[in-house]
Amino acid sequence: MILTSKSQLNLYGLDNQILELINLYNKDSLPNKILFSGVKGIGKCTLAYHLINYILSIDEDFSYDKKNFSINPQNKSYKLILNKSNPNFHLVDVSEDKMIIDINQIREVIKNMNKSSFNQKPRFVLIDNIEYLNDNSVNSLLKSLEEPNSNYHFILIHNNRKILPTLLS
C-alpha cells in the first residue's frame, strides 16, 4: 500500500502544530486562510488532512483521536474524503495528465463555494503544490481568497519553490 497524505492515519512529529491549530479552532480563531510552507515531504499536507478530519468529525462516530494524533479509518468524513465525495472538502492539486493547476480546477472550486451547504459544518479547500498555479489560476483564485464565503477555510501547501508574488500577499 502506498501512503499518501490523505491516507496517512497517524501524524508524526507535528504534535504541537496540530494542537495549536485545534486550540485556535476551538477558540473560534482559526484563520480562514492558512499557508503551510516547507520542504516537500515533511508532513504539511498530512497535517492539513488531520486538522480537517478533527473539525469535520467532531460530532461523528469514530472522531479524531487528538490524544494519539490519529484518524479513525471508520470515520464517515474520512471515508468520504477518500472517496472524493465529502461535500465539505475540495482538493486542488496538479492532475496526473498536466504540469500545472489550471484555471478550470479553480473555477470548479469557485462554483462549489457558491453552493449552499447542506449542513452547518465548516468547508475546506485544500490546495496542494501551490507553486504549480499559473497566472490565470492565481488571478481567478485571488478574489475567493481575499473574501471567502463564511465558514470556508483555505489551506495552501507550498513546497519551498517559487510562487507568484500576488498569491503571497
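1. The structure is a predicted model, in which local features need pLDDT of at least 70 and side-chain atom pairs count only at pLDDT 80 or more, while totals for chains, interfaces and linings use all residues. Residues are numbered from 1 along each chain as its sequence is written, and side-chain values use heavy atoms, with hydrogens and water left out.

2. On salt bridges, defined as a side-chain nitrogen of Lys or Arg within 4 Å of a carboxyl oxygen of Asp or Glu, the count comes to four. One of them joins the side chains of Asp 102 and Lys 98, at 2.9 Å from N to O.

3. Another salt bridge links Glu 108 with Lys 111, whose closest N and O atoms are 3.8 Å apart. Both residues belong to helix H4 (residues 103-113), where they are three residues apart, about one turn of the helix; helices (H or I, at least four residues) and strands (E, at least two) are DSSP runs, numbered from the N terminus. Glu 108 is partly exposed at 33% relative accessibility, and Lys 111 is partly exposed at 46%. A further salt bridge, with an N to O distance of 3.5 Å, is formed by the side chains of Lys 143 and Glu 147. Here Lys 143 is exposed, with a relative accessible area of 56%, and Glu 147 is exposed at 54%.

4. The structure holds two aromatic pairs, a term that covers rings of Phe, Tyr and Trp (its six-membered ring) with centres within 6.5 Å, where planes under 30 degrees apart count as stacked, over 60 as edge-to-face and the rest as tilted. In the pair of Tyr 49 and Phe 89, the ring centres are 5.6 Å apart and the planes stand at 45°, so the pair is tilted. Because Tyr 49 lies in helix H2 (residues 44-56) and Phe 89 in strand E2 (residues 89-92), the pair ties together parts that are 40 residues apart in sequence. Tyr 49 is buried, with a relative accessible area of 6%, and Phe 89 is buried at 12% relative accessibility.

5. The pair of Tyr 54 and Tyr 64 has ring centres 6.2 Å apart and planes at 90°, so it is edge-to-face. Since Tyr 54 lies in helix H2 and Tyr 64 in the loop between H2 and helix H3 (76-82), this pair ties together parts that are 10 residues apart in sequence. Tyr 54 counts as buried at 11% relative accessibility, as does Tyr 64 at 7%.

6. Most residues other than glycine have a negative phi. Phe 62, although not a glycine, has a positive phi of about 60°, and Phe 69, also not a glycine, has a positive phi of about 55°. Phe 62 is partly exposed, with a relative accessible area of 47%, whereas Phe 69 is buried at 10% relative accessibility.

7. The largest pocket contains about 860 Å³ of space, a volume being the space filled by probe spheres set on grid points that are joined across faces, edges and corners. A pocket is an open set of points on a 1 Å grid over the protein atoms alone, where a 1.4 Å probe fits, with protein on both sides within 12 Å along at least five of seven lines, and lining residues have an atom within 4 Å of a point. Of the 30 residues lining the largest pocket, the closest to its centre are Lys 6, Tyr 49, Leu 91, Asp 93 and Asp 128. H2, H3, E2 and H4 each supply at least two residues of this lining. The lining divides into 10 nonpolar, 12 polar and eight charged residues, where Ala, Val, Leu, Ile, Met, Phe, Trp, Tyr, Cys and Pro count as nonpolar, Asp, Glu, Lys and Arg as charged, and the others, Gly among them, as polar.

How values were computed: Buried means under 20% relative accessible area, exposed over 50%, partly exposed in between (1.4 Å probe, protein chains only).
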